[in-house]
Amino acid sequence: MAQVSSTKPAVRSLPPLISLTDAAATRLQHLYATAHEGQLLRVSVSTRGCSGQAYDMSFVSQPGDGDEVVNSHDVTVLVDRKATLFLIGSQMDYREGDLESGFVFSNPNEKGRCGCGESFHV
């Protein structure tokens, strides 16, 4: 009779759900200390735009059921459970330009973006 090996397969580590750049962490620290004191940023993905998906961000007073709590650069961000598969390995940055400023995402799961940059698809 053949023996079955009892060794477990190696566990593969997953990339962080989402990380922040220094600029994004600095901006969130400022927002958390001023206009959004006592709140946390919650990142989700909604269905909209030409490409199908869009990043949504809102400030909430407490995590929702199933929200993932992410700590990066000593800053806490919440991620909607339904958005986790779309965001694994993403990086959130904050950029300032002459005419606009805001948070932007570098997402390795994106397969394309619409022409205006508002939405993406995976």
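Predicted model: local features only at pLDDT ≥ 70, side-chain atom pairs only at ≥ 80, totals over all residues.

Modeller: One definition is needed at the outset: the expected span of a helix is 1.5 Å times one less than its number of residues.

With twelve residues, α1 spans 16 Å between its first and last C-alpha atoms, close to the 16 Å expected at 1.5 Å a residue. Its buried residues are Ala24, Ala25, Leu28, Leu31 and Tyr32. Viewed down the axis of α1, these buried residues fall within an arc of 125 degrees, so they line one face of the helix. The face turned away from this buried side carries exposed residues, namely Asp22, Thr26 and Ala33. The cover over the buried residues of α1 includes the strands β1, β2 (40-47), β3 (53-60), β5, β6 and β7.

Three of these strands, in the order β1-β6-β7, make up an open sheet with mixed pairing. Both β1 (18-20) and β7 (101-106) are edge strands with a single partner strand each, so one side of each has no neighbour in the sheet. From one strand to the next, the twist averages 30 degrees. As a general rule, the strands of a sheet pair through backbone hydrogen bonds, in either a parallel or an antiparallel sense. Here β6 (residues 90-96) pairs with β7 in the antiparallel sense, over six bridges. A hairpin of four residues connects β6 to β7. Along this pairing, Gln91 has Ser106 of β7 as its bridge partner, while Arg95 stands opposite Gly102 of β7.

Ser90 counts as buried because its relative accessibility of 1% is under 20%. The side chain of Ser90 has two partners to note. It reaches the backbone oxygen of Leu87 at 2.8 Å, and it makes a polar contact with the side chain of Asn107 at 3.3 Å. Leaving aside residues up to four places away in sequence, Ser90 touches Leu17, Ile18, Ser19, Ser106, Asn107 and Pro108.

The C-alpha atoms of Ala25 and Asp74 are 8.0 Å apart, although 49 residues separate the two along the chain. Asp74 belongs to the loop between β4 (68-72) and β5 (75-79), and His73 lies in the loop between β4 and β5 as well. Asp74 counts as exposed because its relative accessibility of 81% is over 50%. His73, at 39% relative accessibility, counts as partly exposed. Most residues other than glycine have a negative phi. His73, however, is not a glycine and has a positive phi of about 55 degrees. Asp74, likewise a residue other than glycine, has a positive phi near 60 degrees.

How values were computed
Residues numbered from 1 in each chain as written. Heavy atoms only, no water. Helix = DSSP H or I, 4+ residues; strand = E, 2+ residues; numbered from the N terminus. Buried < 20%, exposed > 50% of the residue type's maximum accessible area, 1.4 Å probe, protein only. Pairing = 2+ DSSP bridges. Axes fitted to C-alpha atoms, helices over the stretch in contact; angles between N-to-C directions. Arc of directions from axis to C-beta. Contact = heavy atoms within 4.5 Å. Polar contact = N/O pair within 3.5 Å; in protein donor to acceptor, adjacent residues only side chain to side chain.
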